[in-house]
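Good morning, and thank you for coming. I shall present one structure, beginning with a strand and its partners and ending with a helix.

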Amino acid sequence: MNALRIGWRNLMRNRRRTGITALAVALTTAICIDTMAIMGGVRQQMVDAGTRLFVGDVQAHAPGFRADRSIYRALVDPARLLAAAQALGIDAAPRSYGFGLVSHGIKSAGASFIGVEPAAERRGFDLPKEVFLGTYLADVPAGSVVIGRKLAKSLAVEVGDDLVAVVQAADGSLGNELFSVVGILKIVGEELDRGAVLLHHADFERLFVSDGRIHEIALRAHTRTPAGVVAALLPAAGAAVLETWRELNPSLSDMDRLIDASVYVFVVIFLLAGSIGVTNTMLMATHDRVREFGVVKALGATPWRILRDVTLEGFVLGLSATALGTIVGLAGGAYLQEVGIDLSGLMEGTMTFSGVVWNPILIGVVRPSDVLATIACMWVACILASLYPAVKVARLNPVTAMTDV
Amino acid sequence: MLLVKIAWRSIWRSKRRTFITVSALSFALSLVVFFIAFAEGVYAGMINEAVRMQAGHVTIEHRDYHDAPATDLTVADAPALRIKLAALDGVASTKLLVLGQGVAKSGNGAEGVAIMGVEPSVEAKASPLENKITRGSYLDEGDTRVVVIGQTLAERLKLDLGKKLVLSTNNTKGELVEELVRVKGIFATGVVEIDGYVVQTPLGFAQELFQLGPHEVTRIGLVLADADREEEILRAARRIIAAPAVARPWEEVLPDLAAYVRFDGGSNYIIQGLLIFLSLFTIFNTILMSVLERSREFAMMLALGTDSLRIRAQVVLESAMIGVLGCGIGLLVGGIVALALQIHGFDLKSIYPEGIAVSGVSVGTRVYGQVTVKLLATLGGLVFAATLVTSLIAVRHISRIEPAAVLR
Amino acid sequence: MTAIVKLVGVVKEYGAAASLVRALRGVDLEIDKGAFAAIAGPSGSGKTTLLNIISGLDTPGAGHVFVEGQEVTGMSGRALSRLRLRRIGFVFQAYNLMPVLTAFENAEYVLLMQGVAKAERRRRVMNVLGQVGLSGMEQRFPRELSGGQQQRVAIARAIVSEPALILADEPTANVDSTTAAGLLDLMTELNEDKGVTFVFSSHDPNVLKRAKRLIAMKDGALEGSADAKRREA
């Protein structure tokens, strides 16, 4: 305790120099905290867009479905999985997939028909809220569809228009029906944008004569990790394949990891830049006091004691500076969390990254673990930065030190 | 000059301090140079891939196509126009494209696809797709009723070389047409949006499919030798073409890519700026301390009749020398590493095996840095200027030295 | 005889109200051209302040200061700078020299600022360095010279520009007695042979007894000045 106080007083001997260095360290800390917050937010937003919207944290399919998307490869016992999910408090949405053609006037395009249960979708996923024009599907079947933005554009279709769907039904016949477009989605991701036609599962069954086949169950975990969801539902899965979003969208997963890694690289670089200042200041501080150290050594202080004292001084500097920096960083982080940085002026189009939409309003996410890690690393950096000056002084010869000019 | 001599000797008086300041500067600057060169290289690579695979740096298309793409919106008299455009200075190659939406059907299912009618000989030279053929071969002149498809599409429809598939689409007359084609080659770009969606076929066949005349195309793409001349060539192109055709820069045709480059570039510059800013603290501290420590010396010089301006000039000159040393070393180290990156490139596969896609454009797995003299000069100049400004702030202290108080 | 320095009612105080220091309390003083005067007194008596006031480095709270008949109080910073450059030479107690310049370059410094031509500078500097007994040491840096040698360089620098007046603040305080004697021999020689006016401060009796005029100070006021000759008598 006493050594800390002495360290503090020594630092105060040259307030300006200490102040400037403390400011630099504080700024480094704040920058690290806020950079991690923003990048954490960007990652979170990307992953959410990739999962919360539609894909979910985990999906169940029949083996081989993902490779060929055949209408015949349905889940064997979807009801069991759905019941298990409900019992565990995991949101589940069953979906059916089929392929066909939609046309409006002379324009036509290939479409991926997705039969959904609107209530389940609304409960567990965000897509129903991402309607650009019109509304999402009603809970009761009404011969209506909600389509992707780019699909609407290429068909020149508006809300209220009719679409003709021509499909190859499961029983081999040609399905041919008229649907009414009740909603057009916002830009949410490549695949949905350019090919999705969402319809009530009852409408889907009729169109495709699909006999109640369900091809996919998308699951949203709230408290569990994706791996945890897989583990919890494995007993009820039977032959079905449970995969997490990382396996379903490996490029998104890689991008997530890449951002994480690059944040750490930047934080390390910033810590280094801040530490140079600490080393510089401690060198100057010890240089000024060479005579004093000489006297102290002559009086019997061991090199270890001097090493400890000088390092402690650097640590005290780091301690107070990171305290200040953390306050500033958290304040910035709070702002980033509430308001965020609005970059929509910079971007004209919407940008998708690995198929996932990039939100131009960057919202930060402050994780306590990140903040604590930054503080701890900054402390360690300050201690390490003070070691070189401390060692230099600890090895002084008392006599030459005392007569130093 | 006495001032220069005094300044130079002064900075070497305390070697350790000078060493630290120079180190801080060069460390920061070399990092900045490296990261910016790396980023610029990645962007340039992405843009290069995208424009060569799609419709060039400058695209000629029907003015309404941008807002509502449709197969009947074409550029007329394309071959003749193309010859005139190819003659423009700075145009490396031109490509003709016919684009439309359709469905690809096989015995195992159907998928929505983008049908791209291309000139095989031009694409083979210009487009990166040709290099990404993993099985079979690319299209040749004279081919008809063949396609090259992506690996993902092949898997989904269970197609292999030589197998047949049906392309079905609406032609310009509004009729539903279906054609049987054979798979000649399978490519893999690593980007699902391309590998599962793009089908390339010879231009003539595409024109027949969509019922377009032999002189009609959807887009004429101009690939430039020097991407910086885009503005100039855009203007030149506009003088040649006539309504309803318009010339658009790639930033309009691929707005997502443009947005990404702007966004990522912007955030990169902010981070680099912060890094330099942090380093300036150390430099400021050092300069200020060296001024304060020399108060007696400066007081003595003032007493001898030296102008305080001269003393301030000395300190600023000292900072300038440290700036030159630090920036010089920083540029050298950063420049060498960036140059190595430019020559050897860096394989992204080691950290990102799936390949990165931005709005359907593949980044390409090998990235090269891009370091130019202009970049080095700009960065070095900025950092040097920042160092000088920092020293100017620090020397404000000198005018406050009262020799009498110091000498007391 | 012409007064080279004249002080009228000079007052100098500094510090805040609670810790006010009255360095000079109404000093009247005249020093003649060619004088070899010492300001005597214990530490804190205001010796340094007096010298600083004479040179214009410090401005009095009240009163007037004249150097060579010109009023120094109220002069602009630039004018004072010029005065110090051309008319007054300085020797400080310590930290006289610029550490990064050699003995030659230190001595040359003032001449350079005055704009003297290179050949002329060289001639004069070599000359004075010889006069102070430092021939052969011109290329040495201050850290390579002893305390006494450093002071000699300072004196050389002070005289090389041939000023009217040389002010020295405790010039022998940091050197041993033999060296001190040598420095004073040098100063006396310059005063008698070249007629340079010297005003120096000291609290060392061995130094003071060499002065031709004693200006005694105590607590910021003159105790009356005595002629050294009268003292000896």
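**A strand and its partners**

In strand E3 of chain A, the bridge partner of A:Phe99 is A:Ser112. This is a predicted model, in which local features need pLDDT of at least 70, side-chain atom pairs count only at pLDDT 80 or more, and totals for chains, interfaces and linings use all residues. Residues are numbered from 1 along each chain as its sequence is written, while chains are lettered from A and ligands numbered from 1 in the order in which they are written.

Helices (H or I, at least four residues) and strands (E, at least two) are DSSP runs, numbered from the N terminus. Two strands pair if DSSP finds at least two bridges between them.

Strand E2(A), residues 91-104, pairs with E3(A), residues 107-116, in the antiparallel sense over 10 bridges. The two form a hairpin with 2 residues between them, and A:Gly105 in that turn has a positive phi of about 65°.

E2(A) also runs antiparallel to E9(A), residues 216-220, through 5 bridges; here A:Ala93 stands opposite A:Ala218. With E6(A), residues 162-168, E2(A) makes 4 bridges, again antiparallel, and A:Val102 faces A:Ala165 there.

Is E2(A) mostly covered or mostly uncovered? Of its 14 residues, 11 are buried, meaning that 20 or more other C-beta atoms, placed from the backbone, lie within 10 Å of the residue's own.

I turn now to chain B. H2(B) is mostly covered, with 30 of its 39 residues buried.

Technical notes
Buried ≥ 20, exposed ≤ 12 C-beta atoms within 10 Å, placed from the backbone.
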